[in-house]
Amino acid sequence: MAEVAAFICTQPAQFRRKLPSTETSPRGNEIEVHDDAEPILVWAFYVNDDFVTVEGHAGRAKVDATCYPPTTLGTKVGDRIELPGKGWFKVEGVSDYDAHPNFTPGIVDVKLRRVKG
């Protein structure tokens, strides 16, 4: 039987879901389109220091922040999350802990990259 953890999401944030796009740039790249921002609650988040090195770590990816939204939000790569006082970030990876057969915390581990501009 799976154990359900009590991870209650209380931290405010903003969320913009990536929408399908048929538009392309002059270079042929997809132009990203996002839905309007909506308020969400996350369990926790943290932003890394400005200087994070990945030198010497095979397979390690540099991320600017990590956030833990609820699984029910359906966060996908390409979505955007605004962390209070920290700015907007693009979702680069999502780890779903609910996939474990004996532990369903109801949150996902989301790796974020800062959006500039």
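Trp 43 is partly exposed, at a relative accessible area of 34%; the class lies between buried, under 20%, and exposed, over 50% (1.4 Å probe, protein chains only). The model is predicted, so local features need pLDDT of at least 70 and side-chain atom pairs count only at pLDDT 80 or more, while totals for chains, interfaces and linings use all residues. Residues are numbered from 1 along each chain as its sequence is written, and side-chain values use heavy atoms, with hydrogens and water left out.

The ring centres of Trp 43 and Tyr 68 are 5.7 Å apart and the planes stand at 80°, so this pair is edge-to-face. Rings of Phe, Tyr and Trp (its six-membered ring) pair if their centres lie within 6.5 Å; planes under 30 degrees apart are stacked, over 60 edge-to-face, and the rest tilted. Trp 43 is in the loop between E5 and E6, and Tyr 68 in the loop between strand E7 (65-67) and strand E8 (80-83), so the pair ties together parts 25 residues apart in sequence. Strands (E) are DSSP runs of at least two residues, numbered from the N terminus. Tyr 68 is buried, with a relative accessible area of 13%.

The structure holds two aromatic pairs. Phe 7 and Trp 43 also pair edge-to-face, at 4.8 Å centre to centre with 80° between the planes. Phe 7 lies in the loop between strand E1 (3-4) and strand E2 (11-16), 36 residues from Trp 43. Phe 7 is partly exposed, at 28% relative accessible area. Phe 7, Trp 43 and Tyr 68 form one aromatic cluster.

Terms used:
Helices (H or I, at least four residues) and strands (E, at least two) are DSSP runs, numbered from the N terminus.
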